[in-house]
Amino acid sequence: ASAMIARRDALLGPAYRLMYERPLHIVRGEGVWLIDSEGRRYLDIYNNVTSLGHCHPAVTEAICRQAQTLATNTRYLHDTILELAERLLATVPETGLSHLMLTCTGSEANDLAYRIAKVRTGGTGVIVTDTAYHGITDTVSQFSPSLGLTVDLGAHVRLVPAPRLYHAEGADLSERFTRDVEAAIADLRRHGIKPAAMIVDSLFTSDGILPDPAGFLKGAVDAIKRAGGLFIADEVQPGFGRTGTHMWGFQRHGVVPDIVTMGKPMGNGQPIAGILATADALAEFGVKSRYFNTFAGNTVSCAAALAVLETIERDRLMANAATVGNNLRDGIAQLATRHEAIGDVRGTGMFVGVELVSDRRSRTPDRALTGQVVNRMRNKGILLSACAMGHNVLKIRPPLVLSADQAGLVTEALDEALDEAKAAAHN
Ligand code: PMP
């Protein structure tokens, strides 16, 4: 592997990162499994692009069929994109969301959503949470604080503390979050900046996976709308049934976005992303701007996305996400009786956050232990990673098809990894 790493560094330069102390050379994917160049199998509970499992036959067949027939763009009439729009819009009844626009990446979707918000509101101000990630374009990276110190936040960007229930000490999280958003709006105004939008990942996944209590977003959404700004729900991570209870994370909170952005699992690996928007949000933008994005909405990607939606429905994957996700959380919560380091286990559906602390009373983040556990899990053949400001929350996003037995493998390995990490710390 070291020769390959050196070759990669030489060819691709310094901006790319590999996961794990011992990077993986994966050659094949099959359902929940990834297989490396030596034939070893890894349970992939991290890759939330391949939400149906790797190389799902319904998707690969749809891609092949369409690629053999026609690969063109949105400048020609084509049924598949219309069918896709109808099916996606059917998931958001009674919201006023009425149009689909397609992009190739989640970053592009957020970039487009922000452009639309600027045109609609005449403002530029953006409110996001303090450890949010919304993407990689120059514009969107300015409101993606989790990228770290290399990216300057824009002068038009205001951060609010992520709604961390585990650290809220009994405070009313909804009230606190609303107050923080109102203060951010007031601060923008004080600087002569008109608010354009509040953008949140409705599961706050890079902030540490913060789903509860469902409903806490309502006051903040009302506040941004009252201030004339749009509410943009970034569903790149929570979308497509991952929450187990709803197709989209914002639906858990009982709020209605002006724009929804989506990506990642939309094509189960095929690059397709996009937005749903209200007619009102799009009206002026559509008159002032044309929108053509060469690859976005191409017939092959649309065929893949249709197959994804059909499979989620046909195989009742949302229900599986709810049941097996709960099993997994219960199993890990059981481990907390033996492992002091587990401070909190949370999530919804197939999204699980495990917050590791060095002291349960002070809830002090244990970043070193978290890094150890991630690498020990990899060595045991289970792939996951970490997130949050303290880099101390295990981020677990299994494919929606994970079985109860496979969830059991995760719990067993985590039990061992925590024991080993503790023993290593004492040596
Ligand atoms: N929003 C969120 C919440 C994300 O997690 C990501 C990707 N990690 C993006 C946007 C950007 O998506 P992409 O990498 O497809 O540009």
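The points below are grouped by topic.

This is a predicted model, in which local features need pLDDT of at least 70, side-chain atom pairs count only at pLDDT 80 or more, and totals for chains, interfaces and linings use all residues. Residues are numbered from 1 along each chain as its sequence is written. Helices (H or I, at least four residues) and strands (E, at least two) are DSSP runs, numbered from the N terminus.

**Sheet**
- Seven strands form an open sheet with mixed pairing, in the order E4-E10-E9-E8-E7-E5-E6.
- Strands E4 (97-103) and E6 (157-160) are at the edges with a single partner strand each, so one side of each has no neighbour in the sheet.
- From one strand to the next, the twist averages 20°.
- Two strands pair if DSSP finds at least two bridges between them; E8 (residues 230-234) and E9 (residues 259-262) have three bridges, in the parallel sense.
- Asp 234 has Thr 261 in E9 as its bridge partner.

**Helices on the sheet**
- Contact means that C-beta atoms, placed from the backbone, lie within 7 Å.
- Axes are lines fitted to C-alpha atoms, for helices over the stretch in contact, and angles run from 0 to 180 degrees between N-to-C directions.
- Helix H4 (residues 106-121) lies across E4, E5, E7, E8, E9 and E10, at about 25° to E10.
- Helix H6 (residues 173-190) lies across E5, E6 and E7, at about 160° to E6.

**Ligand shell**
- There are 14 residues around the ligand, and Thr 105, Gly 106, Ser 107, Gly 135 and Val 236 come nearest; a residue is near if its C-beta atom, placed from the backbone, lies within 6 Å.
- H4 supplies the largest share of the shell, three residues.
- The shell has four nonpolar, eight polar and two charged residues; Ala, Val, Leu, Ile, Met, Phe, Trp, Tyr, Cys and Pro count as nonpolar, Asp, Glu, Lys and Arg as charged, and the others, Gly among them, as polar.

Notes
Contact = placed C-beta atoms within 7 Å.
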